[in-house]
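Please have the sequence and the 3D view open while reading.

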Amino acid sequence: MVIKLLRKSSAKEPKHFKRKVLLLGDGAVGKTSLIRRFVVDKFDDKYIATIGTKVTKKELELQGRQEKINLTLMIWDVLGQKGYRTVQSSSFRGADGVILVCDFTRGETLRSLEDYWMPNIGKNLSNLRLIFVANKSDLSNNAQFSMDDIKAMASKYNSMAFPSSAKTGENVENVFISLGKMLIDAPAKEETHEPEPVLEPPQEARNLVDATDIIINDFCQGYGDMEVAMSIIRQQFTRAGMDIQEPTEEGLFKVIDLLAEVEEGVKDPNTVKENITKRRLLVRKANT
């Protein structure tokens with residue numbers, strides 16, 4: 001009997017990396033539209049504020065230094081409304097890269113990147129790869145700052161800057177591909193058992209935005225799985241008709257009751273009642 005030995009193929013299976021990417025920037029700068037253009041190549045100019053965070057997955061095949069790499073980007077669309085620091089900070093855990101987005105037609109959104117978002121990133125900065133993006137380049141006639149301005153800001157952080165348009169698609173793919181290449185070329189993160197820094201929620205709610213921030217964080221921490229919890233938050237806020245940009249006492253009470261319905265399936269009745277009571281009290285105090 002003749003036994004034939006099969007030679008193993010010399011072709012290597014591509015390595016696979018998974019990386020978490022955040023899109024940060026003020027509300028209405030076009031973060032959601034950039035993600036939609038990149039992932040499904042579509043654009044909708046109707047503005048809907050992101051509630052909490054939303055995660056979208058995109059698979060890429062990139063050429064590494066010596067071989068092809070399969071890269072899965074987990075793209076986090078983070079609420080841009082100022083004041084929700086706890087919700088925003090909680091999304092930083094485990095992040096590998098950040099795309100900081102401003103709007104060419106609103107100069108304050110560029111200043112906000114350095115005054116609000118970079119300090120918000122805080123101690124996480126040394127572990128992150130950054131790219132700065134000036135979106136809405138299709139409205140260049142109404143621009144309130146130049147590419148030189150955003151490039152100067154990016155250079156402070158040894159980063160790149162791109163003009164982009166979610167509407168026309170200009171540079172959208174380049175932005176994500178460029179960040180992807182930076183991520184696969186970056187040295188592996190060192191394992192650490194120390195928790196990553198996350199901003200503590202306010203001790204007291206000074207206003208209804210603070211109250212909303214605390215309630216979202218409280219629900220997510222109690223639920224455990226951040227991605228699933230944020231999906232539930234979006235559903236219940238939508239059901240309650242709550243505007244995340246201008247929360248009201250009545251709207252928050254509806255949200256609290258809807259979140260309690262969810263918690264009834266995973267928590268004991270006493271805990272559910274306690275959560276309702278403390279959250280309602282928080283809202284009442286914030287609205288006085």
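## Terms and model

A residue is called buried under 20% relative accessible area, exposed over 50%, and partly exposed in between (1.4 Å probe, protein chains only). The model is predicted, with local features needing pLDDT of at least 70 and side-chain atom pairs counting only at pLDDT 80 or more, while totals for chains, interfaces and linings use all residues. Residues are numbered from 1 along each chain as its sequence is written, and side-chain values use heavy atoms, with hydrogens and water left out.

Asn-158 sits in the loop between α4 (147-155) and β6 (160-163); helices (H or I, at least four residues) and strands (E, at least two) are DSSP runs, numbered from the N terminus. Asn-158 is exposed, because its relative accessibility is 75%. Its phi is near 50 degrees, a positive value in a residue other than glycine.

Ala-28 belongs to the loop between β1 (15-24) and α1. Ala-28 is not a glycine either, yet has a positive phi of about 70 degrees. With a relative accessible area of 30%, Ala-28 is partly exposed.

## Glu-61

Glu-61 is part of strand β2 (residues 53-63). Its relative accessible area is 53%, so Glu-61 is exposed. Leaving aside residues up to four places away in sequence, Glu-61 touches Lys-68, Ile-69 and Asn-70, where contact means heavy atoms within 4.5 Å.

## Helices α1 and α5

Helix α1 (residues 31-40) packs against helix α5 (residues 172-185) at an angle of about 85 degrees, and their axes are 9 Å apart. Axes are lines fitted to C-alpha atoms, for helices over the stretch in contact, and angles run from 0 to 180 degrees between N-to-C directions. α1 is therefore roughly perpendicular to α5 (angles under 35 degrees count as roughly parallel, over 145 as roughly antiparallel, 65 to 115 as roughly perpendicular and the rest as oblique).
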